[in-house]
Every structure is written in C-alpha cells, then in structure tokens.
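Trainee: Could you pick one part of this model and take me through it closely? I'd like to know what sits next to what.

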Amino acid sequence: MKKFLLYIVLLAAGFISGCKKDEKPIFEDPDTRLAATLSEHQAELIAAENGWKATIYPKLGKGFSFYIKFDANGKVKMLSDFNASAAVTLQESTYRLKALQFPTLIFDTYNYIHLPSDPNGSINGGTNGKGLTSDFEFAFIEKVSDTLKMLGIVNGNPMFMVKATAAEATAFNAGGIKTMMDANTAFLSANKFPYLVSGVDMKVSVTMDVASKKLTLSYIDEKGASKVSSAAFAFVLNGISLSVPLTYGTTTIRDLFWDTDAKQYYVNVGGKRSNVLNATVPVLPLAPLFGPLKDYSQIEYNVANVTAGLSSDFNDKLVAARAAMPGGRILDKATLKLNIDNTMSLTYSYRNAAGSTLLSVMTYSFTKDANGVYSFTYLTTDGNGATVGPALTPITNYFSNAKFKLDWVANPASGGAYGGLYSTTDNASFFYGNLIK
C-alpha cells in the first residue's frame, strides 16, 4: 500500500512538472488582442500618405465630403465641402482609437466633421437638439482594397474612406472642392432647366437644390405617369456624389461628373457619356403639374415682378384695365386659380387712394376636354366687383371669349419660366405669371 501511495504522489508531481514546462495559454489575452487591433487600424489610417477621401450622408439629409489626413501623434487635418471656408482652410484637431463595442475611431476635438452633428440647427440647417443626426465616432467595419467602411456609433451613418492619390491630395490642398462648388454655382446660373435624355426622346428634369444638397430627377414615363426620385449629394473633386443610386427609365446613376473644359455635367451610361443639357423652359410638360391638388393650381400676374415685355396681347388687356381703374385705384395683380369644384377664381388685387389693398374675385366655371383644352364661363363677382368690375372688363372677357392650353412661357429677363394659358387659335395670345401652389 505504501509503495502504491508513493507511486501516485510521484505521478502527480510529474504531471504538475510537465504542465509547467509546456504551459501556453490557448487564447491570447483579450486586452492584448484589442490593443493590437487598434494599433493595426491606426497604422492603416497613417499609411495613407496622401490622406483619405470621405463621404457622409446624415439621416436628416444633405451630404458632405471630407479630405482627412492622420498623423502618428493623434493629430488630424481636414477640409470639407460643408461651406466655402471649410473647403479651403485646412483645420487641425485630434483623434484617438478606442475599444467600444467595436474598434472605434473618435474625432475627439471639434473639426469640420462635427458640423453636421452640431445640435444648433442654425449651423447645419438641421433640427435644434439634433442637427442632422450625423456622427463623429465610427466603428471599423471592413476594409476592401483602398476603402475603409465605417459605421457611426451613435446614429448609424455609414462613412466611406478611400485612399487619396497624390494628385488628389494636391487638388484638395489647392482648393479643389471650392473650385467644384463655384463651378456648380456658375452652371446653375447659366443652366436654368438642366435635363438628361433617356432612350429616344424621354427628357428627365435635373433639379439641384444646393441649400438642401438634394438632387431630384423628374420625368413623365411612357404611360404618362409622373416619376420623381431624389438623393442627397456631396461635392467631390470631379463632380457630385449621390447618397443612393437614382434610376430614370432603364438607366441608373450614382454620380454626376464635371467636365472642366466644357463647363458641363455628364453621366456615364453603359460606358458612354451622356451630357446634362439645358432647355429654355422646363422639360416636363406643365399640364400634368397644374390643377386642383396638384403641384400648382394658380398663375399670378404681378405687375411688380412679371415681365410685361413679353409678346402677348394679354399685356394690352392689362394696360387697358389699369388705365380704367376708378378713383385713383391701382391694379397690382391678377391671379387665376383652379378649384376642386370645377370653378376658376380670377382674383384682382388693387390699392385704393388711401393705399389699402383690396381684392375683387370673379368666378368662372371651367371644363377641360380630352386634349387638355380649357373653356371658361363667367358666373359671378363679389361686392368689390360692382366698383372696379367695369374697368376689368378687358381681362374678364379675355377668359370668356377664348379656349386655352397650358404650357410654359420663357422669361427673357431671368432665363426662368412662367406658367401660361395659350389661346388655342393665337399662339401670341397668352395669360402668364408665376406659378403658385
């Protein structure tokens, strides 16, 4: 028995001794692994010797591009298309990497990337208390080639960071983003009604709202249905980049590219270039957009801001009516509105001798035939019509004595367009003015 017990003791001692000699942890210490991962990510950030191109599209709208350059000492420099100053003034702040639920990049002192998140809505056009619900803390999700995909920790906004080339870094630092922003301003000033062509003859209206950084494509499909799609955009060195792809007809686009020499936007469709063109009036027909409960229901001829020099005999009717106004009254506006009860209200706004503004409303019934031709029949007037109605007879009879079709009227003064009702028998005869909801 004693020998057996001794054997057990010796065996146990040998086992313990053997364990000490071969002792190795099966899994590496988590803190060590995490520190190594953070070091790897920082090395990735710093390794982009020309910096990074980044885009963010906050949940409450707009898009923003950034040029970001990290150094090994926790400093980061940025440019952005947030505004003209941010596009040319390189701003330095700090960053750090930290283990939250994921390895996380934190821009921990204020820089351009914080502006979309600023809770003061006047800073970014967002909501007070939320801003545009953007992010400035991002988890590393994956790396594909030269692209890092990041995800906002608080609001879940994706951020894509792509390594910049040496040429791109030079362009960013030379104010390339502001150059693109200025080019866009000039383009919109010169091209009031930009459009793309799809298929044989379908024209697609391109509307670019710089204040909200939203691009909208609108067209009428082959069945006569109105199609509208929008996406936020950010300015990049060679054009604008959309938050999501937009489709018109059978074509899908993700970017609008800028041709510096031609001063023109274009898209790539199946490897072929398709230019963004310009029209003198909107390319979408007005008729589907005008009427009760539609985009527009009113046409307002305002003497103060409607070009009277257009070649329309309606101007003669207006001049005659203004000259005939009794008691020093001055006619300022004539507004046509289509109502849901198939009536048309013709409202005159005028000032009396004391300078007070008064209204007179004359009511018509209207019909619209299958070809979109409108006919108006005078019904009645309100109380003020008894006083000023006789002076307004040239205009009042203008609508009773003709048939009309809706169409655009080019505004030679601004390059814009009015809404118009053209006489079906005389194309030089049309009532026109600003379109109102």
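Mentor: Let's go through the sheet strand by strand, then move on to the cores and a pair of helices.

A word on ground rules: this is a predicted model, where local features need pLDDT of at least 70 and side-chain atom pairs count only at pLDDT 80 or more, while totals for chains, interfaces and linings use all residues. Numbering starts from 1 along each chain as its sequence is written, and side-chain values use heavy atoms, with hydrogens and water left out.

The sheet is open and has nine strands, paired antiparallel in the order β17-β16-β15-β14-β13-β12-β11-β10-β18. Strands (E, at least two residues) and helices (H or I, at least four) are DSSP runs, numbered from the N terminus, and two strands pair if DSSP finds at least two bridges between them. At the edges stand β17 (272-275) and β18 (277-279); each has a single partner strand, so one side of each lacks a neighbour in the sheet. On average, neighbouring strands are turned by 35° against each other, direction ignored.

Now zoom in on β13 (residues 226-236) and β14 (residues 239-248), an antiparallel pair with four bridges. Phe235 has Ile240, in β14, as its bridge partner. Helix α6 (residues 176-190) lies across β10, β11, β13, β14, β15, β16 and β18, running at about 145° to β13. Axes here are lines fitted to C-alpha atoms, for helices over the stretch in contact, with angles from 0 to 180 degrees between N-to-C directions.

What about the cores? A nonpolar core is a set of buried Ala, Val, Leu, Ile, Met, Phe, Trp, Tyr and Cys residues joined through side-chain atoms within 4.5 Å; buried means under 20% relative accessible area, exposed over 50%, partly exposed in between (1.4 Å probe, protein chains only). The largest has 41 residues, and Leu336, Met344, Phe376, Ile395, Phe399 and Leu421 touch the most other members.

In contact (heavy atoms within 4.5 Å), Phe314, Lys317, Leu318, Ala320 and Ala321 of α7 meet Pro394, Ile395 and Tyr398 of α9. Those residues split into seven nonpolar, no polar and one charged.

Technical notes:
Nonpolar A, V, L, I, M, F, W, Y, C, P; charged D, E, K, R; others polar.
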